[in-house]
Amino acid sequence: MTDTKINSFNEFYPMYLREHSNPVCRALHYIGSFLVLVVLYTALTTSEYKLLWLLPVIGYGFAWVGHFFIEKNRPATFTYPFYSFIGDWVMLKDFLTGQISNKLKDAGVSL
């Protein structure tokens, strides 16, 4: 991550993508985000609200494994928690809509 202060999500997202250059790390993020949605849906539709405590464990757990063991970098969550949270969902949207390769290239990530 750079030492330059980031002031908008548009500035943040290319840096975020560069820190997710490894496809395995991105896959772990996608799995974690998808499981968060499954658990959230399950908790709300079954009124098993105690399941909600799992959301940050699942979401951050998969992502942090990707950073610490695959990318070997520090998660952006520690510096830009709000932008990082949004970045996870935008990256998933870009993956699901087939835009991720172009966005990665635009951010300077070699594929």
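The largest cavity here holds about 60 Å³ of space. This is a predicted model, in which local features need pLDDT of at least 70 and side-chain atom pairs count only at pLDDT 80 or more, while totals for chains, interfaces and linings use all residues. Residues are numbered from 1 along each chain as its sequence is written, and side-chain values use heavy atoms, with hydrogens and water left out.

**Exercise 1. The cavity**

Task: Which residues line the largest cavity, and which helix supplies the largest share of that lining?

Solution:
- Begin with the term. On a 1 Å grid over the protein atoms alone, a cavity is a set of points where a 1.4 Å probe fits but cannot get out; a pocket is an open set with protein on both sides within 12 Å along at least five of seven lines, and lining residues have an atom within 4 Å of a point.
- Volumes are the space filled by probe spheres set on the points, with grid points joined across faces, edges and corners.
- Now count: there is 1 cavity of 30 Å³ or more.
- Its lining is made of His20, His29, Tyr60, Ala63, Trp64, His67, Pro75, Thr77, Ser84 and Asp88.
- Assign these to helices (DSSP runs of H or I, at least four residues, numbered from the N terminus). H3 and H4 each give at least two lining residues, and H3 has the largest share, with 4.

**Exercise 2. The pocket**

Task: Work out which helix gives the most to the lining of the largest pocket.

Solution:
- The largest pocket has a volume of about 170 Å³.
- Around it sit His29, Gly32, Ser33, Val36, Leu55, Pro56, Gly59, Tyr60, Ala63, Phe85, Asp88 and Trp89.
- At least two of the lining residues come from each of H2, H3 and H4.
- H3 comes out on top, with 5 residues.

**Exercise 3. Walking along H2**

Task: Describe H2 from its cap to the residue just after it.

Solution:
- At the N-terminal end, Asn22 does the capping: one of its side-chain oxygens is 2.7 Å from the backbone nitrogen of Val24. That's a polar contact (N or O atoms within 3.5 Å; within protein, one must be able to donate a hydrogen and the other to accept it, and residues adjacent in sequence count only if both atoms are side-chain atoms).
- H2 then runs over residues 23-46, 24 residues in total, and its end-to-end C-alpha reach of 34 Å is close to the 34 Å expected. The expected span is 1.5 Å times one less than the number of residues.
- Its buried residues include Cys25, Leu28, His29, Tyr30, Val36 and Val39. Buried means under 20% relative accessible area, exposed over 50%, and partly exposed in between (1.4 Å probe, protein chains only).
- Among the elements covering those buried residues are H1 (9-18), H3 (54-71), H4 (81-96) and H5 (100-106).
- Just after H2, Ser47 has a positive phi of about 60 degrees. Ser47 sits in the loop between H2 and H3 and is partly exposed, at 45% relative accessible area.

**Exercise 4. Two ring pairs**

Task: Classify the ring pairs Phe12–Tyr16 and Phe85–Trp89.

Solution:
- Rings of Phe, Tyr and Trp (its six-membered ring) pair if their centres lie within 6.5 Å; planes under 30 degrees apart are stacked, over 60 edge-to-face, and the rest tilted.
- By that rule the structure has 14 aromatic pairs.
- Phe12 and Tyr16 have ring centres 5.5 Å apart and planes at 40 degrees, so this pair is tilted.
- For Phe85 and Trp89 the numbers are 6.4 Å centre to centre and 70 degrees between the planes, making the pair edge-to-face.
- Next, look at the spacing. Phe12 and Tyr16 are 4 residues apart in H1, about one helical turn; Phe85 and Trp89 are 4 residues apart in H4, again about one turn.
- Why does that spacing matter? An α-helix has 3.6 residues a turn, so residues three or four places apart point the same way.
- Check burial: Phe12 and Tyr16 are both buried. Phe85, at 43% relative accessibility, is partly exposed, and Trp89 is partly exposed at 27%.

**Exercise 5. A residue after H5**

Task: What does Ala107 touch, leaving out residues up to four places away in sequence?

Solution:
- Ala107 is in the segment after H5 and is buried, with 7% relative accessible area.
- Its contacts (heavy atoms within 4.5 Å) are with Pro14, Leu17 and Arg18.
- Ala107 and Leu17 are 90 residues apart in sequence, yet 6.6 Å apart in space, C-alpha to C-alpha.
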